[in-house]
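Subject: Structure handover

Hello,

Here is the structure for your files. My notes on what turned up follow below it.

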Amino acid sequence: MSDFVPETEENEEEPMETKPESKKPVEAVVVDQNFSRRFLNNKWYGKYGEDGALLEHLSNDWVPVAEDEQEFLSQLWFEQEEQEKNAHKHYDWDEEKKEWVPKPTTSEEVNEDFIAEYQANYGVQYDDIYKKMDEELQEKAAKAQKEVEEKKEQKKRKKQGLHTEEAKKEGWIDLGDKVHAVYVSNLPTNITDDEFQEFMSKCGVIQPDIRTNKPKCKLYRDEQGELKGDGRCCYIKKESVELACNILDGSMLLGKEVKVEEAHFEMKGDFDPSRKRKKLTATQKKRYMEQQNKLFEWTPDKPRNYRPKSDCTVIVKNLFTLEMMAKNAALMLDLKEEMSESCQKYGTVKKVVVYDNHPDGVVSVTFPTTEESDMAVKYLNGRVVDGRKLTAELWDGKTKYKIQETEEDEERRRKEFEKFIEGKSDQNGDDDDDEKEDSEKEDDGEE
């Protein structure tokens, strides 16, 4: 055997790299021309040629490998050899540079022969794919066309007022949770609407109409306007329907035993789209639901000393006349300022409104609390201003004191205001002349 000793330690691991180092590695130890060696499983192995037996390096000598390990080590030898071949596939060793350099790429010309060969080996049968795609597109187009025609036909029937066979077979319509109504029969013919509403309201709150806000409680009449002896009542809550059927059914009303049952609806005649009501907007629906919820809200009783918000406003009358307001266009602003200042002694003034077109000369003063408004009424009521006796009282919350003036009054007020502006400008001019004359006299005296 050879006395070759590998230049490595027994616990050294062989590096696994896909790209070769810049320095040329030693792939195999050649004792002679056919001997090669590799580092496998932390040991050095070698063999002569490709078909030679594997030898293991032990105690500075090469010894044959055990037969039970031959197959396993041969597989590792083969795998490492393939990895090195793949790693060096695209690189060549340059003796001058002493490093691995990429192999020069040779681009093959792409021509008709190349394309034909490629499609023959890797091509796809596009004819079948295109045919299948065309069939799917035609099927989708036919289905869409059919849906459009069905929608047009339904729309046409709806305009003409025609019904399909399914709609005709249905007959009675069960509105279910949409309408909570009962049908009442065997009613006396001399009953009034108010009496019928009072009788039906014993089992729940009657639903108001969303447009008219009237109770949806109806007595059926014939063509002559006479009562037919039956009616219908709609409740807000579904539970009221069951309660009415259990309690009111069989009860006596004006000497007759009435029958109460859950209402069912049937369409009579052909559908007339012109009689269909317009849909409500989202705002209208929201307002309607809020009104219904308020009917079931629980509010505590008002305290004994409760006073409405309107008691914070004091109404003062006979403070001015229409003739005074017509002569002085700035009187409204002056009155507002004077009332605000004079009422400060009674409390904080929030708002002062002068109703200049009211014949009673009304001015309203609003305070934050009722104590302040009571104090203002106490001291302002009966007070005499410019020979006129004032009256002060709390606002009832209903009376409207604002009066819309006519076109004639508006034109008259505009002219009076123009005269007021012109007179004020003339007065300012006279004052300027007087000041000029006084200054001239003073200059003469000094001279």
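A surface patch here is built from residues with over 30% relative accessible area and no salt bridge, and nonpolar side chains are joined within 5 Å. Please keep in mind that this is a predicted model.

Surface patch. Ile129, Tyr130 and Met133 make up a nonpolar patch, and together they have about 300 Å² of accessible area. Met133 sits in helix α3, residues 126-160.

Cavity. The count is one cavity of 30 Å³ or more, and the volume of the largest cavity is about 30 Å³. Its lining includes Leu187, Pro188, Ile191, Tyr220 and Lys228. Two elements, β9 (217-221) and β10 (227-235), each give two or more residues to that lining. The most comes from β10, with four residues. By type, the lining of the largest cavity has six nonpolar, two polar and two charged residues.

Backbone. Most residues other than glycine have a negative phi. Asn213 has a positive phi, near 65°, and lies in the loop between α5 (193-200) and β9. Asn213 counts as exposed because its relative accessibility is 53%, where the cut-off is over 50%. For Asp386, phi is also positive, at about 55°, and the residue is not a glycine. Asp386 belongs to the loop between β18 (384-385) and β19 (388-389). With a relative accessible area of 65%, Asp386 is exposed too.

Regards

Definitions and conventions:
Residues numbered from 1 in each chain as written. Predicted model: local features only at pLDDT ≥ 70, side-chain atom pairs only at ≥ 80, totals over all residues. Heavy atoms only, no water. Patch = residues over 30% accessible without salt bridge, like charges linked within 9 Å, V, L, I, M, F, W, Y side chains within 5 Å. Areas by Shrake-Rupley, 256 points an atom, 1.4 Å probe, with all protein chains shown as cover. Salt bridge = Lys/Arg side-chain N within 4 Å of Asp/Glu carboxyl O. 1 Å grid on protein atoms, 1.4 Å probe; cavity = no way out; pocket = protein on both sides within 12 Å on 5 of 7 lines; lining within 4 Å. Points joined across faces, edges and corners; volume = space filled by probe spheres on them. Nonpolar A, V, L, I, M, F, W, Y, C, P; charged D, E, K, R; others polar. Buried < 20%, exposed > 50% of the residue type's maximum accessible area, 1.4 Å probe, protein only.
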